[in-house]
Amino acid sequence: METLMTYFETIPPLHRSLILVGGITFFWILEGIVPLFSVKYKKWKHALPNLFFTLTTIIINFPLAFLLLKTSDWTIQNNFGIINWLPEMPLWLYVVLGIMLLDLIGAYTAHLVEHKVKPLWMVHLVHHSDHNVDTTTANRHHPLESLIRYLFTLIGVFVVGAPVGIIMLYQSISVVLSQFNHANISLPRGLDKALSWVIVSPDMHKVHHHFVLPYTDSNYGNIFSIWDRLFGTFMELEPENITYGVDTFPDEKENSSIKGLLKQPFHKYRRPTQIHAD
């Protein structure tokens with residue numbers, strides 16, 4: 001564990017880029033071997049806007065990374081933050097707790113707030129308006145959302161008191177898990193269900209991308225599924241009953257256009273449809 005922490009404390013930017021690109025490539029290939037839904041769209045054409053927003057996220061996060069590092073350094077120097085106030089524990093437990101708490105604040109809470117606050121939902125809509133969810137959808141976030149998510153991560157680092165090694169490890173796991181649970185892959189139902197008790201599995205997260213409420217407002221987790229189960233936001237829906245997209249923004253052409261997606265947060269809010277969930 002010490003070796004792992006040392007590596008992530010000084011992980012080169014190239015290695016972080018390889019994790020991002022390697023994850024997309026791996027799950028892209030896997031989608032062709034064991035797809036959940038038959039691909040009836042042109043994958044490269046569909047991927048272009050998603051890859052564009054992946055690039056904007058990198059561009060936004062790269063120059064702001066120093067704030068995460070400065071905040072982390074301050075918490076360690078001042079013994080501030082939840083994991084620094086706990087009794088002494090084995091390094092592996094310290095790392096796991098740090099990642100879990102960063103996931104709670106930086107991913108689950110951020111995601112929940114984006115769904116509950118109307119202006120933030122309009123920003124997050126870019127992610128949900130994908131009609132063909134696959135591994136490239138994981139990074140389909142409007143530049144404004146990239147800033148929102150960054151702010152929650154920064155708050156998480158401050159509140160948790162996470163050292164740099166845990167932050168870099170958390171972000172690496174977060175990227176790969178998001179690519180995994182968005183991927184258009186079919187796992188054996190038993191395996192997927194078993195995984196969903198610990199991490200956010202593909203079938204679990206696809207429920208979140210169903211086009212109507214209350215399913216859209218469920219399964220907010222990114223790495224760990226415990227938060228949805230603990231806070232009552234966990235829902236199940238058979239994959240064959242899932243329809244991707246958002247009911248109030250059904251224009252697939254506009255939802256596939258970079259220009260249209262950049263303008264999407266500035267549309268007037270449209271009240272979503274609420275259906276009865278069995």
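**Exercise 1.** At what angle do H5 and H6 pack, and how far apart are their axes?

*Solution.* The model is predicted: local features need pLDDT of at least 70, side-chain atom pairs count only at pLDDT 80 or more, and totals for chains, interfaces and linings use all residues. Residues are numbered from 1 along each chain as its sequence is written, and side-chain values use heavy atoms, with hydrogens and water left out.

Step 1. Helices are DSSP runs (H or I, at least four residues), numbered from the N terminus. Axes are lines fitted to C-alpha atoms over the stretch in contact, and angles run from 0 to 180 degrees between N-to-C directions.

Step 2. The angle between H5 and H6 is about 110°, and their axes lie 6 Å apart. H5 and H6 are therefore roughly perpendicular to each other (65 to 115 degrees; under 35 would be roughly parallel).

Step 3. With contact meaning heavy atoms within 4.5 Å, His111, Val113, Glu114, His115 and Lys116 of H5 meet Lys118, Leu120, Trp121, His124 and His128 of H6. These residues comprise three nonpolar, four polar and three charged (Ala, Val, Leu, Ile, Met, Phe, Trp, Tyr, Cys and Pro count as nonpolar, Asp, Glu, Lys and Arg as charged, and the others, Gly among them, as polar).

**Exercise 2.** Determine the span of H5 and locate its bend.

*Solution.* Step 1. H5 covers residues 91-116, which is 26 residues. From first to last C-alpha the helix reaches 36 Å, close to the 38 Å expected at 1.5 Å a residue (1.5 Å times one less than the number of residues).

Step 1. A bend of about 35° occurs at Leu104 (the angle between axes fitted to the seven residues ending there and the seven starting there).

**Exercise 3.** Describe how H2 packs against H8.

*Solution.* Step 1. Helix H2 (residues 13-33) and helix H8 (residues 164-182) meet at about 15°, with axes 9 Å apart. The two are therefore roughly parallel to each other.

Step 1. From H2, the contact is made by Arg16, Ile19, Leu20, Gly23, Ile24 and Phe27; from H8, by Met168, Gln171, Ser172, Val175, Val176, Gln179 and Phe180. Eight of these residues are nonpolar, four polar and one charged.

Note on methods: Parallel < 35°, antiparallel > 145°, perpendicular 65-115°, else oblique.
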